[in-house]
Amino acid sequence: MCFYDLKDYEDTARYLKSVPEETYPESRYYLRISTLLSEASSDREELWETLDEFCSFNESSASEIGSDRYIKNALCIAKTYISSDEKGEGEGYEKAEETLKKALSGGYKDKISAGYEAETVRLMINSLISEGRLKEEKKKAKYEEAIDLLSRLEKLDEAAGDSESAVRDMTDKALLYTELKEYDKALETYAEAEREYPGNAGLGYIQHILLLMRCDRPRAEIERVWEMALDAGITQDEDYEVIKERMDAYDKDQ
C-alpha cells in the first residue's frame, strides 16, 4: 500500500528493513528502489541500474520464488521504469516493455494466473500506446502490437466474466484502428463488438456513428447503429445531445 497506493517510499523502506532477505531475497531490491525514490533528488541512472539487476534476479530466480512473486516483481520493475522516466523520451516505456515481454512469453508464461496475466497485458498495452503517441515514427508498429494484445486481453476479461472490460477492449481496438486511419478495420471491430455484446451501453456507438458518417457509409447502416444505440440507453451518455444534433443535421442533409 505504501509503495503503490500512497507512493510513500520512506515508510516503504522502513517496513522493508524488517523483511528477512533469506525468506524474500527480492526485498533487497524493493528496499533499494524505495530508498532511491524517497530521496529528493534521486539518481535515475542508479535507480535504473538497480532495476536492471532486479530484472536479472527475477528471471534467474523465477523457479525458486514462484510465478506469482515473479510476475509481481516484473510489474513493479515495469511500473517503476515508466514512472521514473522524467525526461519523457520514451526510454522508460521501452525498458518496461522489454521486461513485460519476458514475463508474457518466457518459460513461466503458462504458470501465471489469468488475473496477473491480464494486469501484465494491460500495462503492456498502455505502455505501447503511450510510446506510440510520444514517437510518431513508432506509432504504427506500437499500435499494431497493442491491437494484438487487446484481442488477448479481451479473451482474458471475457473468461473472467468481466464483459464490461471485454467491451472496452474491443472499442479501444477500434479507436486505435481509427487513429491509424484504418477505417474499414475500425468499423468491422465496432460491428463485431455489437454482434458479440448486443445492447451494451459501453460499445462506443457514438464513435461508430461518427466514423460511419466520415466514411460516407449508407444511411441505412448509420440509422441501424443509431437505433441500436438508443435501445442500449445511449440517452444517458453525456455526449448524447452532441450526437443527436449530428444525427438531426445528417437527416436534413440527406
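The accessible surface of the protein chain comes to about 13,600 Å², using the Shrake-Rupley method with a 1.4 Å probe, where for residues only the protein chains shown count as cover. Carbon and sulfur atoms account for 47% of that surface. This is a predicted model: local features need pLDDT of at least 70, side-chain atom pairs count only at pLDDT 80 or more, and totals for chains, interfaces and linings use all residues. Residues are numbered from 1 along each chain as its sequence is written, and side-chain values use heavy atoms, with hydrogens and water left out.

**Overall build**

- The protein chain has twelve helices and zero strands. Helices (H or I, at least four residues) and strands (E, at least two) are DSSP runs, numbered from the N terminus.
- Read from the N terminus, the elements run α-α-α-α-α-α-α-α-α-α-α-α.
- The C-alpha trace spans about 70 × 35 × 30 Å along its principal axes.
- Of the 254 residues, 44% count as buried. Buried means under 20% relative accessible area, exposed means over 50%, and partly exposed lies in between (1.4 Å probe, protein chains only).
- Contacts are heavy atoms within 4.5 Å. Among contacts between residues at least 6 apart in sequence, 59% join residues at least 24 apart.

**Charge**

- The protein chain carries 36 positive and 60 negative side chains. Lys and Arg count as positive and Asp and Glu as negative; His and the chain ends are not counted.
- The centres of the two sets lie 2 Å apart. The place of a charge is taken as NZ of Lys, CZ of Arg, CG of Asp or CD of Glu.
- Glu39, Asp43, Glu45, Glu46 and Glu49 form a negative surface patch. Patches are made of residues with over 30% relative accessible area and no salt bridge; like charges are joined within 9 Å, and nonpolar side chains (Val, Leu, Ile, Met, Phe, Trp, Tyr) within 5 Å.
- Glu39 counts as partly exposed because its relative accessibility is 38%.

**Salt bridges**

- Side chains of opposite charge can pair when their charged atoms come close.
- The whole structure holds 26 salt bridges. A salt bridge is a side-chain nitrogen of Lys or Arg within 4 Å of a carboxyl oxygen of Asp or Glu.
- Glu119 and Lys79 meet in one of them, at 3.3 Å from N to O. Glu119 lies in helix 6 (residues 114-134) and Lys79 in helix 4 (residues 67-83), so the pair ties together parts that are 40 residues apart in sequence. Glu119 is partly exposed at 31% relative accessibility, and Lys79 is partly exposed at 30%.
- Arg122 pairs with Asp157 in a salt bridge, with the closest N and O atoms 3.2 Å apart. Arg122 is in helix 6 and Asp157 in helix 7, so this bridge ties together parts that are 35 residues apart in sequence. Arg122 is partly exposed at 32%, whereas Asp157 is buried at 5%.
- Lys139 and Glu179 form a salt bridge at 3.9 Å, N to O. Lys139 belongs to helix 7 and Glu179 to helix 8 (residues 163-179), so the pair ties together parts that are 40 residues apart in sequence. Lys139 is buried at 17% relative accessibility, while Glu179 is partly exposed at 31%.
- A network of salt bridges links Glu94, Glu97, Glu131, Lys135, Lys138 and Lys142.

- Glu154 is found in helix 7 (residues 139-159). Glu154 is buried yet has no salt bridge. The nearest side chain of opposite charge is Lys173, 4.8 Å away.
- Leaving aside neighbours within four places in sequence, Glu154 is in contact with Ala166, Asp169, Met170, Glu196 and Tyr197.
- Glu53 is in helix 3. Glu53 is partly exposed, with a relative accessible area of 38%.
- Leaving aside neighbours within four places in sequence, Glu53 is in contact with Tyr29 and Arg32. Glu53 and Ala232 are 179 residues apart in sequence and 51 Å apart in space, C-alpha to C-alpha.

**Positive phi angles**

- Lys7 is not a glycine, yet has a positive phi of about 50°. Lys7 lies in the segment before helix 1 (9-16) and is exposed, with a relative accessible area of 54%.
- Asp216 is not a glycine either, and has a positive phi of about 55°. Asp216 lies in the loop between helix 10 (205-214) and helix 11 (219-231) and is exposed, with a relative accessible area of 68%.
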